[in-house]
Amino acid sequence: MLTRILTYLHQKQSAFRVIDTHAGAGRYDLTGDEAERSGEWRFGVARILQARFSDEVQALVAPYLDIVRAFNPPRELIAYPGSPLIARALLRPQDRMVACEIQDAARKELIRNLSRDPQARVVDLDGWTALTAYVPPNERRGLVLIDPPFEDKDEFSRLAEKFAAAYAKWPTGIYMLWYPAKDRRGPDRLAREIASVAAAREGGGENCLRVEFSVAPQTADSGLVSAGLLIVNPPWTLASELKTVLPELEKPLGLGGAGRYRIEVVRP
């Protein structure tokens, strides 16, 4: 979805900016101890790279797949690019990115991965502070990616609060908010709150798209098997593209059966 949104922004020559509030290290070693211990990538990106898609879906996912393959030797998968490196790959010469990371080791790794890139600025700033500090950007077009770690119990309410503050300053930007979907109460409340804020600024419009994907049914000991994204001011092409792509991800990403997805416009 990140690559589809940035590809859409390419349709105009005017510059855009990407603001990644919780950027992480940027590149992840799939041969390291942590990746080997969890093994999640074997059931995620590894399966996507091996899947056979229809021509229509292949054209839509090609920008993402090409970026992942660019970080790996031919026919091998040893590294995965995080959101800042995926976004950087889709910046044109006139575009810019701000990547925020306060965890010291991750920030230093991100700086190394971006190699002091003049188009991509890494800042030692809390993502929640950056969310309002960097909007509106000078470019007036762009995407804010909010992908917090969800380590605190109040993260859902904080996400809604900080989004509202940023949206008040920049109501024309595209916002993509990630959340875990371990139950229905928190995500449903978050979706309603985000949609209400967006609709209030737009005079009652419906400009909040919700997408969730589950690789398996949620149980008490299943861990995180479902996640979602809320996209405010989505490109007008995004919903139809996702309705084309998501059905072909159900089989390769499902664990012990087909995965499940939902896509809907959220009404306040």
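**Close-up views of a predicted protein chain**

**View 1. The loop that holds P136, with its cis peptide bond.** In this predicted model, P136 is placed in the loop that runs between helix α7 (127-133) and strand β6 (142-146). The peptide bond that leads from V135 to P136 is cis, and its omega angle is near -5°.

View 2. H22 is found in the loop that links strand β1 (17-20) with strand β2 (27-29). Its relative accessibility is 17%, and because buried means under 20%, H22 counts as buried. The side chain of H22 is joined to the side chain of T21 by a polar contact of 2.7 Å. When neighbours within four places in sequence are left aside, H22 is in contact with C100 and E101, with G127 and W128, and also with I146, D147, P148 and P149.

View 3. E155 belongs to helix α8, which is made up of residues 155-169. With a relative accessible area of 3%, E155 is under the 20% limit and is therefore buried. If residues up to four places away in sequence are not counted, E155 touches W128, P148, P149 and F150.

**View 4. N207 and its polar partners.** N207 sits in the loop between helix α9 (185-201) and strand β8 (208-214), and with a relative accessible area of 12% this residue is buried. The side chain of N207 makes a polar contact of 2.8 Å with the side chain of N233, and another polar contact, of 3.3 Å, joins the side chains of N207 and Y167. N207 can also be viewed together with R267: these two residues are 60 residues apart along the chain, while their C-alpha atoms are separated by 8.5 Å.

View 5. N233 has its place in the loop between strand β9 (226-232) and helix α10 (238-245). Its phi angle is near 60°, which is a positive value in a residue other than glycine. N233 is buried, since its relative accessible area of 16% is under 20%, and its side chain takes part in the polar contact of 2.8 Å with the side chain of N207.

**View 6. R116, an exposed residue with a positive phi angle.** R116 is found in the loop between helix α6 (104-114) and strand β5 (120-123). The phi angle of R116 is near 55°, again a positive value in a residue other than glycine. With a relative accessibility of 75%, R116 counts as exposed, because exposed means over 50%.

**View 7. The whole chain, as a setting for the close-ups.** The protein chain has eleven helices and ten strands, and its C-alpha trace spans about 45 × 40 × 40 Å along the principal axes. A compact globule of 268 residues would have a radius of gyration near 18 Å, and the value for this chain, 18 Å, agrees with that expectation. Of the 268 residues, 51% count as buried. Among contacts with a separation of 6 or more, 73% are accounted for by residues 24 or more positions apart. The chain exposes about 13,400 Å², of which carbon and sulfur atoms supply 50%.

Conventions
Residues numbered from 1 in each chain as written. Predicted model: local features only at pLDDT ≥ 70, side-chain atom pairs only at ≥ 80, totals over all residues. Heavy atoms only, no water. Helix = DSSP H or I, 4+ residues; strand = E, 2+ residues; numbered from the N terminus. Buried < 20%, exposed > 50% of the residue type's maximum accessible area, 1.4 Å probe, protein only. Polar contact = N/O pair within 3.5 Å; in protein donor to acceptor, adjacent residues only side chain to side chain. Contact = heavy atoms within 4.5 Å. Rg over C-alpha atoms; globule rule 2.2 N^0.38 Å. Areas by Shrake-Rupley, 256 points an atom, 1.4 Å probe, with all protein chains shown as cover.
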